[in-house]
Amino acid sequence: MSEERYGEFVLVRRHGHVAELVLDRPKAMNAVSTEMARSLAGACTALAADREARVVVLTSSHERAFCVGADLKERNSFSDADLVKQRPVARGAYTGVLELPMPTIAAVHGFALGGGFELALSCDLIVADPTAVVGLPEVSVGVIPGGGGTQLLPRRVGAARAAELIFTARRLDAAEAAGLGLVDQLVEEGRDRGEALALAARIAGNSPVGLRAAKRALRLGHGLDLRAGLEVEDAAWRSVAFSGDRAEGVAAFNEKRKPEWPGE
């Protein structure tokens, strides 16, 4: 397993074709400062261009928190001009995770609040343990979810449920979150990271070309009418139909062996 650090607060660990993107600011429960946001965006840019990374797992180095959201201590010192200047940096962190071209999984334990929960929502799948506490409390401090929450949450739970959760700013425990579909897999305490990495390894055994195309079709087709969505799917299918991965997949199936994906 190799490691690469991006700034002081973000770490990327390699587990074969699975990349673990670690939020590593434990002294602040992974509160997203300007520096941390910049580092997270940089790590995502590098991962997006990495053809060896087939799946990304977003994890935390803190025992009791995934991420508590924006660094409000830092924000308290900002002038209006500082806040304006920081906004694109903050957005870059959330869109960096959201726009990763390969499947992404968040491994959540403890607090995942505000921007922390938005980072998890930016992933395709969320694995959580029973200690998880999630929520978007931004209106309780005079702002709104600004890391994609107002758009990502209704895509998971519907408009009315998202409105209730955002307007009340309430926190949900792991059981309620799982019941509402805010997390996809509830695992034993302390097993969120291990189970997310195991799930990622299973996914990574599939064609990297196919995985990226399937994610693209899922993301671009969401919200379109059926006819338009099927056109998105057809374009994604055409992008893989004549690939080396498709040829290898068919050959391996017929030869009854494990495929060796060329990834192109």
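Mentor: Let's start with R170. This is a predicted model, and in it R170 has a relative accessibility of 25%.

Trainee: Is R170 buried, exposed or partly exposed?

Mentor: Buried is under 20% and exposed is over 50%, with partly exposed in between. At 25%, R170 therefore counts as partly exposed. E164 gets the label partly exposed too, with 26%.

Trainee: Which residue does R170 meet in a salt bridge?

Mentor: That's E164: the two side chains come together in a salt bridge, at 2.8 Å from N to O. There's also a network, in which salt bridges with shared partners join E3, R13, E20 and R193.

Trainee: How many salt bridges does the structure hold?

Mentor: There are 16 of them. Take R14 and D50 as one case: their closest N and O atoms are 2.4 Å apart. R14 sits in strand β2 (residues 10-15), while D50 is in the loop between α1 (34-48) and β4 (55-60), so this bridge ties together parts 36 residues apart in sequence.

Trainee: And how accessible are R14 and D50?

Mentor: R14 has a relative accessible area of 21%, so it goes down as partly exposed. D50 has 16%, so it is buried. The cut-off of 20% falls between them, which is why they carry those labels.

Trainee: What about R25, which residue does it pair with?

Mentor: R25 makes a salt bridge with D71, at 2.9 Å from N to O. This one links distant parts of the chain as well: R25 belongs to the loop between β3 (18-23) and α1, D71 to the loop between β5 (65-67) and α2 (72-76), and they are 46 residues apart. Both R25 and D71 are buried.

Trainee: Okay, helices next. What do I need in order to describe two packed helices?

Mentor: You give the angle between their axes and the distance between the axes.

Trainee: Which way do α9 and α10 run relative to each other, roughly parallel or roughly antiparallel?

Mentor: Look at the angle before deciding. Helix α9 (residues 208-221) packs with helix α10 (residues 226-241) at about 165 degrees, and their axes are 9 Å apart. That makes α9 roughly antiparallel to α10, because angles over 145 degrees get that name. The α9 and α10 crossing is right-handed.

Trainee: Now the backbone. What is the phi of M29?

Mentor: It is near 50 degrees, which is positive, and M29 is a residue other than glycine. You'll find M29 in the loop between β3 and α1. N30 is in the loop between β3 and α1 as well, and the phi of N30 is near 65 degrees, again a positive value in a residue other than glycine.

Trainee: Are M29 and N30 buried or partly exposed?

Mentor: One of each. M29 has a relative accessible area of 22%, so it is partly exposed. N30 has a relative accessibility of 0%, so it is buried.

Trainee: Where is L23, and how far is it from V12?

Mentor: L23 is in strand β3. At 0% relative accessibility it counts as buried. L23 and V12 are eleven residues apart in sequence, and their C-alpha atoms are 9.1 Å apart in space.

Trainee: And P88, is it buried or exposed?

Mentor: P88, in helix α3, counts as exposed, with 52% relative accessibility.

Trainee: Last one: which residues make the nonpolar surface patch?

Mentor: L72, V141 and V143 make it, and the patch is about 270 Å². V141 is in the loop between β9 (133-135) and α5 (149-157). With a relative accessible area of 52%, V141 is exposed.

Technical notes:
Residues are numbered from 1 along each chain as its sequence is written. This is a predicted model: local features need pLDDT of at least 70, side-chain atom pairs count only at pLDDT 80 or more; totals for chains, interfaces and linings use all residues. Side-chain values use heavy atoms; hydrogens and water are left out. Patches are made of residues with over 30% relative accessible area and no salt bridge: like charges are joined within 9 Å, nonpolar side chains (Val, Leu, Ile, Met, Phe, Trp, Tyr) within 5 Å. Accessible areas come from the Shrake-Rupley method with a 1.4 Å probe; for residues, only the protein chains shown count as cover. A salt bridge is a side-chain nitrogen of Lys or Arg within 4 Å of a carboxyl oxygen of Asp or Glu. Helices (H or I, at least four residues) and strands (E, at least two) are DSSP runs, numbered from the N terminus. Buried means under 20% relative accessible area, exposed over 50%, partly exposed in between (1.4 Å probe, protein chains only). Axes are lines fitted to C-alpha atoms, for helices over the stretch in contact, and angles run from 0 to 180 degrees between N-to-C directions. Angles under 35 degrees count as roughly parallel, over 145 as roughly antiparallel, 65 to 115 as roughly perpendicular and the rest as oblique. A crossing is left-handed if the near helix is turned anticlockwise from the far one by less than a right angle, and right-handed if clockwise.
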